[in-house]
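Good morning, and thank you for coming. I would like to walk through one protein model with you, and I ask you to keep the display in view.

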Amino acid sequence: MSTSPRSSFSWGCRNDELLNGLLSNMTNGPSIVISGTLLTLGKIYSIVVKAENAFGLSSDFNAHNIELSTFSVPVILMEIPPPPYFRSRDLFVSTSATHSVCSDNQHTLSFNWNIYKDDPKSSTKIQVLDIASGG
C-alpha cells in the first residue's frame, strides 16, 4: 500500500497496555518514535500498525517485535562493486560502522576481515584465505 497523504495509520502494542495507549494516541502518520525509556530490558514488544486509505479500505495489521538491547550493537554498511570480478584487477571493498543512535555507549570500533573461498571438497564448503584487522 502506498503512503499517500490521505492514508492514516493506526499504531499500537499487542502486549503492553501502557505502550499501546501511548502509541494509539500518538499519531496517525506513517512513522513513529518510541523512546527507549518506555521499554523494559528483557521484554519483547509486539508493535503493530494498520493503514487505511481515503476510501475506507484497510490493510491487515503488520507486526514487528522489538527488544531493548543491553549493549551497543554497531550498524555496519559494506560497499562492494557489482560483478564481474577478475583475477587481473584489484577489488576495493569498504565498510563503515556506526553505533545505534539509541546508544550512549560509544566505544571505538575495529574490523576483522575474512576472505573465504568455496571449497567443494570440504564439509564446511568454505576455506579461509586471508584475515586482516583494522581500527
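How many salt bridges does the structure hold? The structure holds one, where a salt bridge is a side-chain nitrogen of Lys or Arg within 4 Å of a carboxyl oxygen of Asp or Glu.

Before I describe it, a word on the source. This is a predicted model, in which local features need pLDDT of at least 70 and side-chain atom pairs count only at pLDDT 80 or more, while totals for chains, interfaces and linings use all residues. Residues are numbered from 1 along each chain as its sequence is written, and side-chain values use heavy atoms, with hydrogens and water left out.

The salt bridge is formed by the side chains of Lys43 and Asp16, at 2.9 Å from N to O. This pair links distant parts of the chain, 27 residues apart: Lys43 belongs to the loop between helix 1 and strand 2, and Asp16 to the loop between strand 1 and helix 1. Asp16 counts as buried because its relative accessible area is 16%; buried means under 20%, exposed over 50%, and partly exposed in between, with a 1.4 Å probe and protein chains only. Lys43, at 28% relative accessibility, is therefore partly exposed.

Let us turn to the overall fold. The protein has one helix and seven strands, and their order along the sequence is β-α-β-β-β-β-β-β. Helices (H or I, at least four residues) and strands (E, at least two) are DSSP runs, numbered from the N terminus. Of the 135 residues, 16% count as buried.

Next, the pairing of strands, which requires that DSSP finds at least two bridges between them. Strand 1 and strand 2 run antiparallel and are joined by six bridges. Strand 2 also pairs with strand 3, residues 62-67, in the antiparallel sense over six bridges. Please look at Ile47 in strand 2: Cys13 stands opposite Ile47, and in strand 3 the bridge partner of Ile47 is His64.

Ser46 also lies in strand 2. Is Ser46 buried or exposed? Ser46 counts as buried because its relative accessibility is 12%. Leaving aside residues up to four places away in sequence, Ser46 touches Gly12, Cys13, Arg14, Asn15, Ala63, His64 and Asn65, a contact being heavy atoms within 4.5 Å.

Now to the interior. In soluble globular proteins, nonpolar side chains tend to be buried together. The largest nonpolar core here has 10 residues: Phe9, Trp11, Cys13, Leu19, Leu23, Leu39, Tyr45, Ile47, Val49 and Ala51. Strand 1 (8-13), helix 1 and strand 2 each supply at least two residues of this core, and the largest share, four residues, comes from strand 2. By a nonpolar core I mean a set of buried Ala, Val, Leu, Ile, Met, Phe, Trp, Tyr and Cys residues joined through side-chain atoms within 4.5 Å.

On the surface, Leu18, Leu22, Met26 and Leu38 form a nonpolar patch with about 360 Å² of accessible area together. Such patches are made of residues with over 30% relative accessible area and no salt bridge, nonpolar side chains (Val, Leu, Ile, Met, Phe, Trp, Tyr) being joined within 5 Å and like charges within 9 Å. Leu38 is placed in the loop between helix 1 (17-26) and strand 2 (44-52).

Finally, a cis peptide bond joins Pro83 and Pro84, with omega about 15°. Pro84 is found in the loop between strand 4 (75-79) and strand 5 (94-98).

Notes
Areas by Shrake-Rupley, 256 points an atom, 1.4 Å probe, with all protein chains shown as cover.
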